[in-house]
Amino acid sequence: MNLTEKQKLIARNALTTVILLVMLPCFNRTRLAGSYEKVGFFAADTIRCAIDLGDDMYSSKGLQTGFNYELLNRFAEDNGKKVIIAAANRNENYLDSLRKGVIDILVTSPSNAMDCTGVSNSKLIGDCAVWVVKSENTLEARKINLWSGSNMQTDEFQQLQNDFNTSFNQHRNVSAGYYKGRISPYDEIIKEYAEKIGWDWRMLAAVIYQESKFSINSRSFRGAYGLMQVMPNTASHYGAEDLLDPELNIETGTEHLKRLQKLYRDIAPEERIKFTLAAYNAGEGRIADCRNYARLMNADAGKWEDIVKIIPHMSDADSVENCDTIRHGIFKGTETINYVDNVMSLYDKFRQICPE
């Protein structure tokens with residue numbers, strides 16, 4: 001072998017070494033990604049998650065819990081896992097639960113996670129959240145970052161992010177002449193369940209917006225929860241357990257609307273919707289009292305306008321206590337009157353945004 005051949009051999013070996021050095025990190029990433037199931041990536045069949053973003057219907061980022069809820073479900077599905085997701089109540093701290101292994105992933109804001117010890121953060125998910133795991137769960141942290149890194153570049157992710165980052169302030173949008181052709185991130189679910197109860201889907205969307213402004217994490221001081229602010233006893237009646245789940249919450253809420261609607265079959269259709277809305281807000285017993293009192297006052301118990309006129313009299317203790325047909329006591333009713341007005345107004349605006 002002459003000198004020229006040796007030089008060629010050395011050059012070829014050097015080139016091969018360089019190629020291997022360049023490709024090795026990619027090879028390791030692929031090998032690690034494929035080894036999670038063997039090593040025990042989230043060893044159980046179910047990933048337990050909590051979302052603590054401090055948002056609700058009154059927050060400027062009130063849809064971020066919903067956005068991360070969708071992402072957690074997709075992450076679990078892509079990795080062949082089931083998932084349980086909870087949303088933190090105000091003033092609750094889930095970091096201890098994470099450190100103790102009660103939950104596997106905590107979704108929180110970057111500022112909350114910044115100074116936390118014993119945890120490992122993911123890349124920024126969307127605009128304002130990180131997914132946090134225990135610091136020793138390096139495989140889990142790497143898997144989350146690999147998954148988010150690949151998915152955040154897709155058109156599907158960008159569309160999902162746009163759906164949840166878009167302002168759904170319908171009053172402002174209509175006033176500005178801004179018609180998106182969409183009402184919420186949940187339009188398709190709303191259409192499906194509105195059809196089951198014979199409603200215009202934009203009316204059901206108006207109820208949901210009035211109840212929660214499309215924030216799945218909304219809670220009332222009375223205990224109502226989720227998109228349709230379903231009460232715990234109502235959820236129990238219909239067998240619903242996870243009211244954070246957007247579809248289950250809407251399904252439960254519409255089942256309740258369907259049952260309420262049947263109570264007013266003796267009323268004209270254009271009036272029936274208003275009585276159904278009133279009962280959804282105040283309870284069927286209160287509206288039954290209103291109708292009974294209207295009959296005593298020689299008012300039309302089948303017209304919402306007449307009910308509105310007699311409701312102020314129902315806040316008078318003397319009138320109510322002397323009336324045997326009023327079974328639920330004093331009823332101020334201002335909230336319910338405003339509720340029906342607001343939903344009907346929203347419905348008009350939604351018909352402008354999504355004409356059919």
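What follows is a set of questions and answers on one predicted model.

Biologist: Which ground rules apply to the model?
Modeller: The model is predicted, so to speak, by record: local features need pLDDT of at least 70, side-chain atom pairs count only at pLDDT 80 or more, and totals for chains, interfaces and linings use all residues.

Biologist: What share of the 356 residues is buried?
Modeller: Buried means under 20% relative accessible area, exposed over 50%, and partly exposed in between, with a 1.4 Å probe and protein chains only. By that cut-off, the buried share of the 356 residues is 46%.

Biologist: Is glutamine 64 buried or exposed?
Modeller: Glutamine 64 belongs to helix 2, residues 64-78. Its relative accessible area is 5%, so the residue is buried.

Biologist: Which residues does glutamine 64 touch, not counting those up to four places away in sequence?
Modeller: A contact means heavy atoms within 4.5 Å. With residues up to four places away set aside, the partners of glutamine 64 are Leu53, Asp55, Cys128, Phe164 and Asn165.

Biologist: Which residues point each way from strand 3?
Modeller: In a regular strand, side chains alternate between the two faces of the sheet. Strand 3 covers residues 105-108, and all of its residues are buried. Ile105 and Val107 point one way; the other way point Leu106 and Thr108.

Biologist: In which sense do strand 1 and strand 3 pair?
Modeller: Two strands pair if DSSP finds at least two bridges between them. Strand 1 (residues 46-52) and strand 3 have four bridges. The sense of the pairing is parallel.

Biologist: What is the bridge partner of threonine 108 in strand 5?
Modeller: Strand 5 spans residues 129-134 and runs antiparallel to strand 3, with three bridges between them. The partner of threonine 108 there is valine 130.

Biologist: Why is the pair of phenylalanine 42 and phenylalanine 75 given its class?
Modeller: Rings of Phe, Tyr and Trp (its six-membered ring) pair if their centres lie within 6.5 Å; planes under 30 degrees apart are stacked, over 60 edge-to-face, and the rest tilted. The structure holds 11 aromatic pairs. For phenylalanine 42 and phenylalanine 75 the centres are 6.3 Å apart and the planes stand at 90 degrees, so the class is edge-to-face.

Biologist: How many residues apart in sequence are the parts that this pair of phenylalanine 42 and phenylalanine 75 ties together?
Modeller: Both phenylalanine 42 and phenylalanine 75 are buried. Phenylalanine 42 lies in the loop between helix 1 (3-39) and strand 1, phenylalanine 75 in helix 2, so the pair ties together parts whose separation in sequence is 33 residues.

Biologist: How many residues apart are tyrosine 209 and phenylalanine 350?
Modeller: Tyrosine 209 and phenylalanine 350 form an edge-to-face pair, 6.2 Å centre to centre with 85 degrees between the planes. Tyrosine 209 is buried at 6% relative accessible area, and phenylalanine 350 is buried at 0%. Tyrosine 209 sits in helix 9 (residues 201-212) and phenylalanine 350 in helix 16 (residues 334-353); the pair links distant parts of the chain, with a separation of 141 residues.

Biologist: Which ring does the charged end of lysine 191 sit over?
Modeller: A charge sits over a ring if NZ of Lys or CZ of Arg is within 6 Å of the ring centre and within 35 degrees of the ring normal. The charged end of lysine 191 is 4.8 Å from the centre of its ring, which belongs to tryptophan 201.

Biologist: How far apart in space are phenylalanine 157 and leucine 71?
Modeller: Phenylalanine 157 is in helix 6, residues 155-165, and is buried at 6% relative accessible area. Its contacts include Phe67 and Leu71. Phenylalanine 157 and leucine 71 are 86 residues apart in sequence, and C-alpha to C-alpha their distance is 8.9 Å.

Biologist: Which helices do the buried residues of helix 13 pack against?
Modeller: Helix 13 covers residues 284-296. Its buried residues include Gly285, Ile287 and Arg291. Those buried residues pack against helix 12 (269-282), helix 14 (304-310) and helix 15 (317-321).

Notes:
Residues are numbered from 1 along each chain as its sequence is written. Side-chain values use heavy atoms; hydrogens and water are left out. Helices (H or I, at least four residues) and strands (E, at least two) are DSSP runs, numbered from the N terminus. The expected span of a helix is 1.5 Å times one less than its number of residues.
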